[in-house]
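Work through the exercises below with the structure in view. Each task is followed by a solution in steps.

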Amino acid sequence: MTPTPDSIAVVDAAIASRRSIRAFRPDPVPRETVERILEVASRAPSGTNVQPWKVTVLSGAAKARLSARIRAAYDDPAERARHAEEYDYYPAEWVSPYIERRRKVGWDLYGLLGIAKSDKARMHAQHGRNYAFFDAPVGLIFTIARVLGQGSWLDYGMFLQNVMVAARARGLDTCPQAAFTQFHRIVADELALPDSEMLVCGMALGYADPEAPENALVTEREPVAGFARFLES
């Protein structure tokens, strides 16, 4: 492929316009479109071409059943306490600058929704919307073989990014969701996953609701000078 200003702009726009969308329209996404997104995404690199990604695509009644089971557990404090993540997505101890970034995005989101810091009930309800895939018509559940190592998880991240960028190229939006990992046992049971697989994350896929205030959130990014060094001699 020979790059042109137009082709560069298209790719850059698909990457730069990706955001975590938290309210979707109900418009259906054709199965053929989802299949093509996954096909394109599968060109992600992986060490020795292992291709560690496994995907369950949910819509309709299948998506609703999973959402209902998880939401019931999430809303019951005693039941929720019985569920824990299989792997650490976040650090055990938060330090600067990561804790400040985490807090800012949280309060920016709640601010758009008019949720006060003391309003635990509305915070709980908003987080619970994860388990309905934020009303997206398609929910994706990503799993990986337990036998694979840390390198395959790095490869998996590139696959997930490809899914999100390929979706943007088609006018679709996504929200990658680690929230599902707490309820991995429910996911495994509902989707009849083999014991040899573990949950990586979920993802909502659909068309963003432009009227939803939470979708106005645009997170900040550190400038290149803040995270890159150029050594030339």
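The exercises concern a predicted model, and they cover a pocket, a surface patch and salt bridges.

**Exercise 1. The second largest pocket**

Task: State which residues line the second largest pocket, and which helix gives the largest share of the lining.

Solution: 
- Step 1. The second largest pocket has a volume of about 180 Å³.
- Step 2. Its lining consists of Pro28, Val29, Arg31, Val34, Glu35, Leu38, Val57, Ser59, Pro137 and Val138.
- Step 3. Helix α2 (residues 31-41) supplies the largest share of the lining, four residues.

**Exercise 2. A nonpolar patch**

Task: Name the residues that form a nonpolar patch on the surface, and decide whether Phe230 is buried or exposed.

Solution: 
- Step 1. The patch is made up of Val224, Phe227 and Phe230, which together have about 380 Å² of accessible area.
- Step 2. Phe230 is found in the segment after α9 (224-227).
- Step 3. The relative accessible area of Phe230 is 66%. Exposed means over 50%, so Phe230 is exposed.

**Exercise 3. Salt bridges within a helix**

Task: For the pairs Arg36 and Glu39 and Asp75 and Arg71, find where the partners lie in their helices.

Solution: 
- Step 1. Side chains of opposite charge can pair when their charged atoms come close.
- Step 2. Arg36 and Glu39 form a salt bridge at 2.9 Å, N to O. They are three residues apart in helix α2, which separates them by about one helical turn.
- Step 3. Arg36 is partly exposed at 40% relative accessibility, and Glu39 is partly exposed at 47%.
- Step 4. Asp75 and Arg71 form a salt bridge at 2.9 Å, N to O. Both belong to helix α3 (residues 60-75), four residues apart, or about one turn of the helix.
- Step 5. Asp75 is partly exposed at 39% relative accessibility, and Arg71 is partly exposed at 26%.

**Exercise 4. A salt bridge between loops**

Task: Explain which parts the salt bridge of Glu86 and Arg146 ties together.

Solution: 
- Step 1. The side chains of Glu86 and Arg146 meet at 2.9 Å, N to O.
- Step 2. Glu86 sits in the loop between α4 (77-80) and α5 (98-113), and Arg146 in the loop between β2 (138-145) and α7 (150-169), so the pair ties together parts 60 residues apart in sequence.
- Step 3. Glu86 is partly exposed at 34%, and Arg146 is partly exposed at 39%.
- Step 4. Elsewhere, salt bridges with shared partners join Arg65, Arg69, Asp189 and Glu190 into one network.
- Step 5. The count of salt bridges comes to 15.

Technical notes
Residues are numbered from 1 along each chain as its sequence is written. This is a predicted model: local features need pLDDT of at least 70, side-chain atom pairs count only at pLDDT 80 or more; totals for chains, interfaces and linings use all residues. Side-chain values use heavy atoms; hydrogens and water are left out. On a 1 Å grid over the protein atoms alone, a cavity is a set of points where a 1.4 Å probe fits but cannot get out, and a pocket is an open set with protein on both sides within 12 Å along at least five of seven lines; lining residues have an atom within 4 Å of a point. Grid points are joined across faces, edges and corners, and a volume is the space filled by probe spheres set on the points. Helices (H or I, at least four residues) and strands (E, at least two) are DSSP runs, numbered from the N terminus. Patches are made of residues with over 30% relative accessible area and no salt bridge: like charges are joined within 9 Å, nonpolar side chains (Val, Leu, Ile, Met, Phe, Trp, Tyr) within 5 Å. Accessible areas come from the Shrake-Rupley method with a 1.4 Å probe; for residues, only the protein chains shown count as cover. A salt bridge is a side-chain nitrogen of Lys or Arg within 4 Å of a carboxyl oxygen of Asp or Glu. Buried means under 20% relative accessible area, exposed over 50%, partly exposed in between (1.4 Å probe, protein chains only).
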